Amino acid sequence: MRTHPLGSSARPRRLKGSTRWTGCPGGFLERHGRPAAALLLAVALTGCGFVAPSGGSDGSGESTGNGDVVGTPTPLRNVPRELSGVAEGKLVVYRMPGIQGNRIKATAMLFTPRKSPPAGGWPLLVWGHGTVGWAPECAPSVQLQEHKKWADGPNATLLAAVLKSGIAVVAPDYEGMGPSAAGVTAGHGYYDLSSEGRSMIFAAVAAKRYLGGKASGKWVPAGWSEGGFAALAAAYYSRLSKKTEPGLDYRGTIALAPVPGVPAMNKILWRDIARASASGRPPTERQIDQLIFANAETIYFTKTQREAGYRVDPGRIYGPNMLKIYQRNRRTCLDDLNAIVKRDIQNYLNSAPSHRLATYPGIRGDAPNALPENRRFYRQNQGKLENSTLPGSVLWLYGTDDITSPAAVTYDVVNKMLANDNDINLAVFEGAGHYDVPTVGRPLIEARLRQLFSMPS
């Protein structure tokens, strides 16, 4: 049975006098009390059928040699204490199809519980990290081993809890990121559906092939922020996993604070920036953060587009200040890039009383979204995802105070996907920001993993 769209920017609507929600047969609202600030509203939209994604997304003809482990995995250095106490970590090098059509080497961190695997082996969580940069040296495995830095935000505690419950974790660096000594070359597919999805898929294949009978084959892609998109992309390509490695059994997807509609997000960001500028008051720290976000990560989109063959002209995207930053800092990792952009914005604002956020000579507002090659990139990646029907269920976690994916954008994309018969469970955390979701959502994530993997409570 097909579901029905619920409105372009509205939450799913409750029927008068009922606890059921329109949009998916059997859907209902559950309200769970929280001792912390965030109130969980879990919209369980279950019972929807699914069909395979169209457009050849099973990767036919591309599986030979992909997912093979290259060499012998090596022990990870500098693993955070919360992870090292419950798991052993190794760096795995594996093969996958690259964004330019060639077979490449990619890397992933593989964590296995210290306790022995159960009968049948450990189930596997394939974890997608949040945005860290574009260049090979920005990869979480490189930051960890070379700089003693856990680069993936608040997620070490979440992954430690998953490992403690008896689930193995493989965390790909993604295509184009990872140690150069392992054969990784630049060319990250930032929000590229194929690149991110296959980075996840073939990390699962490599983990299963390396672990053999220690892994049950049951696997779930999950991730936070950019990794939330990567998890959805892995669901899109999930049938490729079993075709490549018959021992794998895809069970469903968990997406934490994904950014599913970048053009729509940009439109809202620039509207808010324009309003803040029109007020005439000094900008707040949050408003400055919005401008930083609207500018900095666009560099990674531009690099990916050019790597993938889209004919984008940086001069039509960036004003003079950001064009210089783009030219000088294309390989700069996210934390340092944000600091560079913030310093330039503050210098600009302080240099003249008339300067406002909206007049900063950075990204040319929302205008780049209308450029043909930008529109084509989003249509072929995020647009293709939201117009597909993913196999299995999706648990989607979202915080209402998330500036990277405003409420209107999240609800609009979820509604579009519901209209395409997707089985989505949307958990909304009132007052939670982008970095809060892995923490406030942890009990729900753990419960869903037990359900998907048929593990005892």
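Colleague: How do the residues of the lining of the largest cavity divide into nonpolar, polar and charged?

Modeller: Rolling a probe the size of a water molecule over the atoms shows where empty space is left. In this predicted model, the lining of the largest cavity divides into 7 nonpolar, 7 polar and 1 charged residues, where Ala, Val, Leu, Ile, Met, Phe, Trp, Tyr, Cys and Pro count as nonpolar, Asp, Glu, Lys and Arg as charged, and the others, Gly among them, as polar. A cavity here is a set of points on a 1 Å grid over the protein atoms alone where a 1.4 Å probe fits but cannot get out, and lining residues have an atom within 4 Å of a point.

Colleague: What should I keep in mind about the numbering and the confidence limits?

Modeller: Residues are numbered from 1 along each chain as its sequence is written, and side-chain values use heavy atoms, with hydrogens and water left out. As the model is predicted, local features need pLDDT of at least 70 and side-chain atom pairs count only at pLDDT 80 or more, whereas totals for chains, interfaces and linings use all residues.

Colleague: Which residues lie nearest the centre of the largest cavity, and which element gives the most to its lining?

Modeller: Of the 15 lining residues, Asn266, Thr298, Pro368, Asn369 and Tyr378 lie nearest the centre. Two or more lining residues come from each of helix H7 (262–278), helix H9 (298–307) and helix H13 (372–380), helices being DSSP runs of H or I with at least four residues and strands runs of E with at least two, numbered from the N terminus. H9 gives the most, with 4 residues. The space in this cavity is about 140 Å³, a volume being the space filled by probe spheres set on grid points that are joined across faces, edges and corners.

Colleague: Is strand E6 buried or exposed?

Modeller: In a regular strand the side chains alternate between the two faces of the sheet. All 7 of the 7 residues of E6 (residues 122–128) are buried, so the strand is largely enclosed by the rest of the structure; buried means under 20% relative accessible area, exposed over 50%, and partly exposed in between, with a 1.4 Å probe and protein chains only. Trp122, Leu124, Val126 and Gly128 lie on one side, and Pro123, Leu125 and Trp127 on the other.

Colleague: Which strands pair with E6?

Modeller: Two strands pair if DSSP finds at least two bridges between them. E6 pairs in the parallel sense with strand E8 (residues 215–224) over 6 bridges, where Gly128 has Gly223 as its bridge partner. E6 also runs parallel to strand E7 (residues 168–172), to which 3 bridges join it, and Leu125 is there partnered with Val169.

Colleague: Where is the disulfide?

Modeller: A disulfide is a pair of cysteine sulfur atoms within 2.5 Å, and the whole structure has 1. Cys138 and Cys333 form it, with their sulfur atoms 2.1 Å apart. The torsion about the S-S bond is about -95 degrees, so the disulfide is left-handed. Both Cys138 and Cys333 are buried.

Conventions. On a 1 Å grid over the protein atoms alone, a cavity is a set of points where a 1.4 Å probe fits but cannot get out, and a pocket is an open set with protein on both sides within 12 Å along at least five of seven lines; lining residues have an atom within 4 Å of a point.
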